[in-house]
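Here are my notes on the model, point by point. Please keep the structure open while you read.

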Amino acid sequence: MCDKIISLLSPRGPKGPNVCRHLISDTSGGPRSTEMGGAAVAVLAAAATRHNRARLASLFYMVARGLHEASAAAAEEEKVGTRSRRRRRRSSSSLLLGPDFPDTWDHPPRAASRTLPPRVTGADYGCTATIIDGKSIAEDIRLHIAKEVHQMKNAVGHVPGLAVVLVGDRRDSESYVRYKTKGCEEVGIKSLLAKLPGSCTEDEVMDSVSRFNEDPSVHGILVQLPLPQHMDEERILSAISLEKDVDGFHPLNVGNLALRSRKPLFLPCAAKACIELLLQSGIELMGKHATVIGRSKVVGLPTSLLLQRHHATVSVIHAFTTNPEAITRESDIVISAAGVANLVRGNWLKQGAVVIDVGTNPVEDPNSEYGYRLTGDVCFEEAVKVASAITPVPGGVGPVTIAMLLGNTLDSAKRVYGLSD
């Protein structure tokens, strides 16, 4: 394999993506052979830094990504025994956490195995963005989760269980919990709800968390945020068992996410959904300038950490940032999680930027079933004329976030029952 790589990277060898095709064609032995090929690429990458560094580092990254994807595809084909087209499934934790490249300044990898969607330009920002269909992506992921839940029930006689603690009567929180409960029903996950009044004490919330911690049929616990102001969110979140922290907010999970050499048990669902949408849409992250608007522990902070693990150059905008629009106008990717309706206007965006709108802001609407509708942080009507790709609200990040929560709950149950991959 090493001799093959050296010959392909010679001056007479194939160029660019063709290197990946030649190497992948030589790994017909299945996923094990592609793993060995990936190891060979890693060894050669270290030796090649003294010759034509930028080009070789670029090619090695392209080859490694190609081998990784070929290995995953080959493994799936071995299980199913067919090469027919498959539905999209949730990305593996290792893929979502990004490639583990060291920060070596003399040969930064610049290659892009995934490219931005084609830009359609015209006068007066006359391009129409590709709409990233979160509902479709989430549906495919849920189908795979439902299949695995069914297999678990047949194998061990149990299904995953998700418990939600809801405090108060915020309309947006109640809406999120409804969607999560419905998602559980669709894939066969058992759901439990502890609903407490906003006037309850912090100890009452802690008691609900403790009961779910001790319940062996519960594999995931989440406390719907935000909590009333008189409560200590950190104390309550820290009380959730680490093995059941499917929201990924436990200090140990957040800390392990911040350390690139560590792997958290769970990734925060909304941040995980943002990366999932970008990967499923073929958006390259490495070396791109990404701006995250908002720095909350629910979305902004973990999203910025995940983007850094994918080797993006990350800017974080918050309420005290001076001239935020100037920063976003320089960004290839803009992820907004500020919680302010229509904060991001069309003139905040660079032509051809990719926009992920996490905002779900309730706006009064007497014609809606619940008396309000949800709108995003981004002025969609303006942004769609500038961006190359954009998520809608609703129907973008929200459905995929719930799919990630269901996936985390499934993964927790698989660990308990010894079914982990």
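1. Helices (H or I, at least four residues) and strands (E, at least two) are DSSP runs, numbered from the N terminus.

2. Ground rules. This is a predicted model, so local features need pLDDT of at least 70, side-chain atom pairs count only at pLDDT 80 or more, and totals for chains, interfaces and linings use all residues. Residues are numbered from 1 along each chain as its sequence is written, and side-chain values use heavy atoms, with hydrogens and water left out.

3. Confidence. pLDDT is the predictor's confidence in each residue, from 0 to 100. The protein chain has a mean pLDDT of 82, and 73% of its residues reach 70 or more. Residues 23-28 fall below 50; beyond near neighbours in sequence, this stretch has 15 contacts in the model (heavy atoms within 4.5 Å). Residues 106-125 are also below 50, with 43 contacts beyond near neighbours in sequence. Where pLDDT is low, the predicted coordinates should not be read in detail.

4. Helix α6 covers residues 134-156. At the start of α6, a side-chain oxygen of Asp133 comes within 3.2 Å of the backbone nitrogen of Lys135.

5. Which residues of α6 are buried? Among them are Ile137, Ile141, His144 and Glu148. Buried means under 20% relative accessible area, exposed over 50%, partly exposed in between (1.4 Å probe, protein chains only). The cover includes α7 (171-187), α11 (269-280) and α15 (397-416).

6. Asp140 belongs to α6. Asp140 counts as buried because its relative accessibility is 6%. Leaving out residues up to four places away in sequence, Asp140 touches Arg87 and Arg88.

7. Cys200 lies in the loop between β3 (190-196) and α8 (202-214). Cys200 is buried, at 4% relative accessible area. Beyond four places in sequence, Cys200 touches Val167, Val205, His230 and Met231. His230 is 30 residues away along the chain, and its C-alpha is separated from that of Cys200 by 9.8 Å.

8. Strand β5 (residues 289-293) has five of its five residues buried. His289, Thr291 and Ile293 lie on one side, Ala290 and Val292 on the other. Five bridges join β5 to β6 (residues 313-317), running parallel; two strands pair if DSSP finds at least two bridges between them. His289 stands opposite Thr313 in β6. Four bridges join β5 to β7 (residues 333-336), also parallel, and Ile293 stands opposite Ser336.

How values were computed:
Expected span 1.5 Å × (residues − 1). Polar contact = N/O pair within 3.5 Å; in protein donor to acceptor, adjacent residues only side chain to side chain.
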